[in-house]
Amino acid sequence: MQERAEATRRALLEAAAQLFYERGYAGTSINDISERSGRTSGAIYFHYANKEQLALAVVEAHFATWPGLVARHETAGTPALERLVRLSFAVAREFRDDIVVRAGARLWAERKGIAVTMPPPFTDWIETVEGMLAQARDEGDLAPDRDPRRDAHSLVAAFFGLHTVSDALDSRLLIEDRLANLWQLLLPGLQAGAEPHALLARARAPQRAPLG
């Protein structure tokens, strides 16, 4: 019974995410979600009190995507700067391929029209990037004039600004190439003994599964 209820919740969440991303919050109704999901409106209200709570659930699922992804890249056995670049591509692919992530981003942008308190954005990303830059500095891979705390804010702003532009121009279909171009611009100023092309090639290569 519990597994079936969880499957229903997930089906409703994904159907709502598809519609919220396609039409926005105001352009989506409970009836639309019912039709897309194949569930009754009664089933929707059983699991989610109203449309606002369903939107909040999508945004929370968006934010819940990141801790596990970050943890995998924080513990990988490669230099910190390479891990940071690799993480950025992993996040970019989630934004391109995961409808819940994409819908969560749109709903957060529309938050002023949704009568619910959304989770705060960006602060965790800034902290994560600062930590990786500090590790890169300790490893001798960060240019001596770089400041992890200062530069983390700029990197996060550049990354999410790139996503906004890519979403508007090409629905993020070219996001990996656009991100590579951004790193080619940024790495010469960040990296000690700059070798942006080599680092990018390593960061974009498929990650090998750990032995054993």
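The model is predicted, and local features need pLDDT of at least 70, side-chain atom pairs pLDDT 80 or more, while totals for chains, interfaces and linings use all residues. Residues are numbered from 1 along each chain, and side-chain values use heavy atoms, without hydrogens and water.

I then noted that 19 residues line this pocket, with Phe-95, Ala-105, Trp-108, Phe-122 and Phe-160 nearest its centre. Helix α7 gives the largest share of the lining, six residues (helices are DSSP runs, H or I, of at least four residues, numbered from the N terminus).

Next I looked up helix α11, residues 196-204, where Pro-196, Leu-199, Leu-200 and Ala-203 are buried (under 20% relative accessible area, with exposed meaning over 50%, using a 1.4 Å probe on protein chains only). They lie on the same side of α11, because they cover an arc of only 100 degrees around the axis, taken from the directions from the helix axis to the C-beta atoms. On the other side of α11, I found His-197 and Ala-201 exposed. Among what covers the buried residues of α11 are α6 and α10.

Last, I checked what Leu-133 touches (heavy atoms within 4.5 Å): leaving out residues up to four places away in sequence, its contacts are Leu-81, Leu-84, Leu-142, Pro-148, Asp-151, Ala-152 and Leu-155.

Notes: 1 Å grid on protein atoms, 1.4 Å probe; cavity = no way out; pocket = protein on both sides within 12 Å on 5 of 7 lines; lining within 4 Å. Helix = DSSP H or I, 4+ residues; strand = E, 2+ residues; numbered from the N terminus.
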